[in-house]
Amino acid sequence: MFELRTPSRRVSSALLWGAVGFMAFLVLVQGYALLVSPLVTIVQGAAVAILVGLVTAGCAYAMEYRIAAWSARRARSETESHGSDGKSKS
């Protein structure tokens with residue numbers, strides 16, 4: 001009948017980063033409201049938080065392979081600069 005498939009790891013990772021961006025924005029707005037004065041209404045804050053979460057998820061999805069490739073190149077170059085003995089030269 002209906003088959004439920006689990007999302008790929010890349011999609012799950014992007015959605016989790018989106019949730020982090022969403023909640024981080026809400027925490028910042030709440031902290032500002034507690035320390036200074038309310039910056040936006042609850043509805044405006046929620047709308048902007050959703051937008052921040054969507055942008056964060058989209059950026060995380062788009063940039064994941066680039067960041068992973070950059071990290072792999074950096075790790076490989078650091079390993080090569082230390083020689084093949086595997087010991088740190090610092």
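1. Start with the aromatics: the count is 0 aromatic pairs, taking rings of Phe, Tyr and Trp (its six-membered ring) as paired when their centres lie within 6.5 Å.

2. Keep in mind that this is a predicted model, where local features need pLDDT of at least 70, side-chain atom pairs count only at pLDDT 80 or more, and totals for chains, interfaces and linings use all residues. Residues are numbered from 1 along each chain as its sequence is written, and side-chain values use heavy atoms, with hydrogens and water left out.

3. The chain has 2 helices and 0 strands, read as DSSP runs (H or I, at least four residues, for helices; E, at least two, for strands). Of its 90 residues, 10% count as buried, that is, under 20% relative accessible area with a 1.4 Å probe.

4. Now the largest pocket, which holds about 150 Å³ of space. A pocket here is an open set of points on a 1 Å grid where a 1.4 Å probe fits, with protein on both sides within 12 Å along at least five of seven lines; lining residues have an atom within 4 Å of a point. Its lining includes Leu26, Val29, Pro38 and Ile42. Helix H1 (9-35) and helix H2 (42-81) each give two or more residues to that lining, and H1 gives the most, with 4.

How values were computed: Points joined across faces, edges and corners; volume = space filled by probe spheres on them. Buried < 20%, exposed > 50% of the residue type's maximum accessible area, 1.4 Å probe, protein only. Phe/Tyr/Trp six-rings, centres within 6.5 Å; stacked < 30°, edge-to-face > 60°.
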